[in-house]
Amino acid sequence: MCFCNESAIYRVQTALIKPGTQIEALRAVVGEMLQVPEVTLHLSRILSALGIQYDWA
């Protein structure tokens with residue numbers, strides 16, 4: 001289950017492409033997080049929408 005909302009994800013993606021020293025620090029932190037396989041899997045599910053489950057009942 002993910003408690004992230006789409007607007008937060010888009011804000012982070014937008015922030016990561018901007019130049020600046022603060023963003024370089026953010027990139028470094030995100031880069032370290034992406035070294036953890038569970039984090040990479042979780043983020044890929046969020047970004048691809050594969051983590052969305054619908055209750056069809």
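The protein has 3 helices and 0 strands, where helices (H or I, at least four residues) and strands (E, at least two) are DSSP runs numbered from the N terminus. This is a predicted model, in which local features need pLDDT of at least 70 and side-chain atom pairs count only at pLDDT 80 or more, while totals for chains, interfaces and linings use all residues. Residues are numbered from 1 along each chain as its sequence is written, and side-chain values use heavy atoms, with hydrogens and water left out.

Trainee: What percentage of the residues count as buried?
Mentor: Buried means under 20% relative accessible area, exposed over 50%, and partly exposed in between (1.4 Å probe, protein chains only). Of the 57 residues of the protein, the part that counts as buried is 7%.

Trainee: Is the pair of Tyr54 and Trp56 stacked, edge-to-face or tilted?
Mentor: Rings of Phe, Tyr and Trp (its six-membered ring) pair if their centres lie within 6.5 Å; planes under 30 degrees apart count as stacked, over 60 as edge-to-face and the rest as tilted. By this rule there is 1 aromatic pair. The ring centres of Tyr54 and Trp56 are 5.8 Å apart and their planes stand at 50°, so the pair is tilted.

Trainee: Which residues make the nonpolar surface patch of about 450 Å²?
Mentor: Ile52 lies in the segment after helix H3 (37-48). Ile52 has a relative accessible area of 43%, so this residue is partly exposed. The patch is made by Ile52, Tyr54 and Trp56.

Trainee: The backbone oxygen of which residue does the side chain of Ser48 reach at 2.7 Å?
Mentor: Ser48 is in helix H3 and, with a relative accessible area of 39%, is partly exposed. A polar atom of the Ser48 side chain lies 3.5 Å from the backbone oxygen of Arg45. At 2.7 Å, the side chain of Ser48 reaches the backbone oxygen of Ser44.

Definitions and conventions: Patches are made of residues with over 30% relative accessible area and no salt bridge: like charges are joined within 9 Å, nonpolar side chains (Val, Leu, Ile, Met, Phe, Trp, Tyr) within 5 Å. Accessible areas come from the Shrake-Rupley method with a 1.4 Å probe; for residues, only the protein chains shown count as cover. A salt bridge is a side-chain nitrogen of Lys or Arg within 4 Å of a carboxyl oxygen of Asp or Glu. A polar contact is a pair of N or O atoms within 3.5 Å; within protein, one must be able to donate a hydrogen and the other to accept it, and residues adjacent in sequence count only if both atoms are side-chain atoms.
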